[in-house]
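Colleague: I'd like to learn how to read the features of a model like this one. Could you take me through it, one feature at a time?

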Amino acid sequence: ELVSKGVIFTDLENAIAQHPEIVEKILGKIVRPDEGKFAALAASMARSGVLIYVPKGVTVDQPLHSVLWGPGTGLAYFSHILVYVDDGAALTYVHEAASNTESRGQTLHAGIVELHVGEGSNLRFVELQSWGEHVWNFSHERARVYRDGNLDWIFGAIGSHLTKNFSDLDLTGVGATGRMSGFYFTDGVQH
């Protein structure tokens, strides 16, 4: 039903191959690769991730959900989440990044999240992080909200050894609104 309305919800590799015109609209436009070493690393290495595109005037009634699962040690994961909610559209999207805790070794995750909230559109974005306590997690995340658009961004984190999020909300049009809220629960040497 969503596909018949023009909604795209796919992994990053298929998005690049099958929907390059949509990817071109957002990739690197909201978070630039030169914004820091981890943004550059994720931009150049990301092969996993998600593209969601909601066309003008389309409302997605049920939440969409994705999971980035990163098991093991001595590894590096790079992800890129692209969400483009066109003018007058609406979406609720839940993304999780998670893994088991490994008793020995370390793992790295570097990610980018780019959110486009078009004119008069509405995005509810819930981001959950429960990486294992051996994961070092770095992300550059930004939303751009246009005229009369609305964003409700909720972030929840209970995992990782260390997490550093560079999170920004750009209200670029008259009447644009945005709310960022969230929580972190840490234990022991988590930072």
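This is a predicted model: local features need pLDDT of at least 70, side-chain atom pairs count only at pLDDT 80 or more; totals for chains, interfaces and linings use all residues.

Colleague: How many salt bridges turn up in the whole structure?

Modeller: The search finds 11. One of them joins Lys 29 to Glu 24, at 3.3 Å from N to O. Here Lys 29 is partly exposed at 39%, and Glu 24 is exposed at 54%. Another links Arg 147 with Asp 148, at 3.4 Å from N to O. Both ends of that one are partly exposed, Arg 147 at 41% and Asp 148 at 44%.

Colleague: Which residues are linked in a network of salt bridges?

Modeller: The network takes in Arg 32, Asp 34, Glu 35, Arg 142, Arg 144, Asp 168 and Asp 170.

Colleague: On to loops. Where does Lys 56 lie?

Modeller: Lys 56 sits in the loop between β2 (48-54) and β3 (64-69), and at 57% relative accessibility it is exposed. Lys 56 and Asp 87 are 31 residues apart in sequence, yet their C-alpha atoms are 4.9 Å apart. Leaving aside residues up to four places away in sequence, Lys 56 touches Asp 86 and Asp 87.

Colleague: And nonpolar surface? Which residues make a nonpolar surface patch?

Modeller: Ile 158, Phe 183 and Phe 185 make one of about 320 Å². Ile 158 belongs to the loop between β9 (150-157) and β10 (162-171).

Colleague: Helices next. Which residues of α3 are buried?

Modeller: In α3, which covers residues 37-45, Phe 38, Ala 39 and Ala 42 are buried. Look down the helix axis and those buried residues fall within an arc of 105°, so they line one face of α3. For the cover over them, look to the strands: it includes β4 (75-85), β6 (107-117) and β8 (135-145).

Colleague: Last one, strands. What should I expect from the side chains?

Modeller: In a regular strand, side chains alternate between the two faces of the sheet.

Colleague: How many residues of β2 are buried?

Modeller: Six of its seven residues, so to read it by the under-20% cut-off, β2 is mostly covered. As for neighbours, β2 is joined to β1 (residues 8-11) by four bridges, and that pair runs antiparallel. Within it, Ile 8 has Tyr 53 of β2 as its bridge partner.

Colleague: Do β2 and β4 run parallel or antiparallel?

Modeller: Parallel, with seven bridges between them. To find your place in that pairing, look for Val 50, which stands opposite Ile 81 in β4. Remember that β4 also came up as part of the cover over the buried residues of α3.

Terms used: Residues are numbered from 1 along each chain as its sequence is written. Side-chain values use heavy atoms; hydrogens and water are left out. A salt bridge is a side-chain nitrogen of Lys or Arg within 4 Å of a carboxyl oxygen of Asp or Glu. Buried means under 20% relative accessible area, exposed over 50%, partly exposed in between (1.4 Å probe, protein chains only). Helices (H or I, at least four residues) and strands (E, at least two) are DSSP runs, numbered from the N terminus. Contact means heavy atoms within 4.5 Å. Patches are made of residues with over 30% relative accessible area and no salt bridge: like charges are joined within 9 Å, nonpolar side chains (Val, Leu, Ile, Met, Phe, Trp, Tyr) within 5 Å. Accessible areas come from the Shrake-Rupley method with a 1.4 Å probe; for residues, only the protein chains shown count as cover. The arc is that of the directions from the helix axis to the C-beta atoms. Two strands pair if DSSP finds at least two bridges between them.
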